[in-house]
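Keep the structure in view as you read.

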Amino acid sequence: MNRSMDLITKETEAYAGNISGEESDVLASLNRETHARMIRPRMLSGHLQGRLLEMISRMVRPERILEIGTYTGYSAICLAQGLTASGLLHTIDHNPELKDFTREYIQRAGLEKKVILHTGEALEVIPTLEEMFDLVFIDADKVNYIRYFDLAYEKLRPGGVILADNVLWSGKVIGLETEADPDTMGIARFNQYVKNHPGIRNLLLPFRDGLMISMKIQ
């Protein structure tokens with residue numbers, strides 16, 4: 001039963017990706033290189049989720065985007081597609097070893113003037129950004145999701161959107177009755193926090209590993 005369901009899921013996802021259009025040459029290369037060279041390539045957003053991020057960004061038409069967790073830059077490239085002509089995307093990652101690799105692909109995508117790479121701890125970098133954001137994407141260490149959300153919320157314009165990835169955490173948060181590992185507990189607490197937050201409307205989309213969509217109430 002489980003093997004059959006897994007097969008259907010993979011086939012369905014492949015079909016959906018095919019119908020949704022092909023990856024650009026740059027994104028396809030970045031996808032391959034990330035899987036070939038990086039230790040945890042599953043952290044990559046990938047084609048179907050990347051297309052979703054692009055579509056959300058194009059609908060929001062953001063002047064400013066904040067991304068918390070750059071990794072190799074796949075999601076940043078996708079999100080940047082929806083920026084206005086004068087728009088900018090700030091993306092933060094704590095790993096300095098990824099910066100040159102990421103910068104290369106940002107340049108290959110023609111986005112070097114649209115994407116600003118920050119290296120450091122997001123909890124320290126975000127307060128230094130003198131910007132108001134229209135769209136935020138959180139995909140970093142799970143124990144700090146609530147702290148990232150609060151910092152982003154303070155810098156989010158009314159009507160702006162915060163996206164948070166991995167909020168189903170491979171199903172570990174479902175039916176959780178006892179204390180679990182820090183990452184699982186971090187996501188479980190974040191989900192409840194967002195659900196009860198008076199300043200937003202939210203939707204947990206059961207897509208891939210779960211995507212929380214939160215809109216700041218005007």
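Q: In which helix is the place of Ser75?
A: This is a predicted model, so every answer here describes a prediction. Look for Ser75 among the helices. Its place is in α4.

Q: Is Ser75 buried or exposed?
A: The relative accessibility of Ser75 is 5%. Buried means under 20%. Ser75 therefore counts as buried.

Q: With which side chain does the side chain of Ser75 make a polar contact?
A: Set aside the neighbours of Ser75 within four places in sequence. Ser75 is then in contact with Ser45, Leu53, Glu67 and Phe137. A polar contact, at 2.3 Å, joins the side chain of Ser75 to the side chain of one of them, Glu67.

Q: What is the phi of Arg61?
A: Arg61 sits in the loop between α3 (46-60) and β1 (64-68). Most residues other than glycine have a negative phi. Arg61 is not a glycine, yet its phi is positive, at about 55°.

Q: Where does Tyr71 lie?
A: Tyr71 is another residue other than glycine with a positive phi, near 55°. Follow the chain out of β1 and on towards α4 (74-80). Tyr71 lies in the loop between β1 and α4.

Q: Which class of accessibility does Arg61 fall into, and which does Tyr71?
A: Buried means under 20%, exposed over 50%, and partly exposed in between. Arg61 has 42% relative accessibility, so Arg61 counts as partly exposed. Tyr71 has a relative accessible area of 10%, so Tyr71 is buried.

Q: How are α2 and α5 oriented to each other?
A: The axes of α2 (residues 25-37) and α5 (residues 99-108) come within 10 Å and cross at roughly 165°. Angles over 145 degrees count as roughly antiparallel. So α2 and α5 are roughly antiparallel.

Q: What is the handedness of the crossing of α2 and α5?
A: The two helices meet through side-by-side lists of residues. From α2 come Val26, Ser29, Leu30, Glu33, Thr34 and Arg37, and from α5 come Phe101, Tyr105 and Arg108. These residues divide into 4 nonpolar, 2 polar and 3 charged. The crossing is right-handed.

Q: How many Å separate the C-alpha atoms of Ala85 and Ser170?
A: Ala85 is found in the loop between α4 and β2 (88-93). At 80% relative accessibility, Ala85 counts as exposed. Ser170 is 85 residues away along the chain, and the C-alpha separation is 37 Å.

Conventions:
Residues are numbered from 1 along each chain as its sequence is written. This is a predicted model: local features need pLDDT of at least 70, side-chain atom pairs count only at pLDDT 80 or more; totals for chains, interfaces and linings use all residues. Side-chain values use heavy atoms; hydrogens and water are left out. Helices (H or I, at least four residues) and strands (E, at least two) are DSSP runs, numbered from the N terminus. Buried means under 20% relative accessible area, exposed over 50%, partly exposed in between (1.4 Å probe, protein chains only). Axes are lines fitted to C-alpha atoms, for helices over the stretch in contact, and angles run from 0 to 180 degrees between N-to-C directions. Angles under 35 degrees count as roughly parallel, over 145 as roughly antiparallel, 65 to 115 as roughly perpendicular and the rest as oblique. A crossing is left-handed if the near helix is turned anticlockwise from the far one by less than a right angle, and right-handed if clockwise. Contact means heavy atoms within 4.5 Å. Ala, Val, Leu, Ile, Met, Phe, Trp, Tyr, Cys and Pro count as nonpolar, Asp, Glu, Lys and Arg as charged, and the others, Gly among them, as polar. A polar contact is a pair of N or O atoms within 3.5 Å; within protein, one must be able to donate a hydrogen and the other to accept it, and residues adjacent in sequence count only if both atoms are side-chain atoms.
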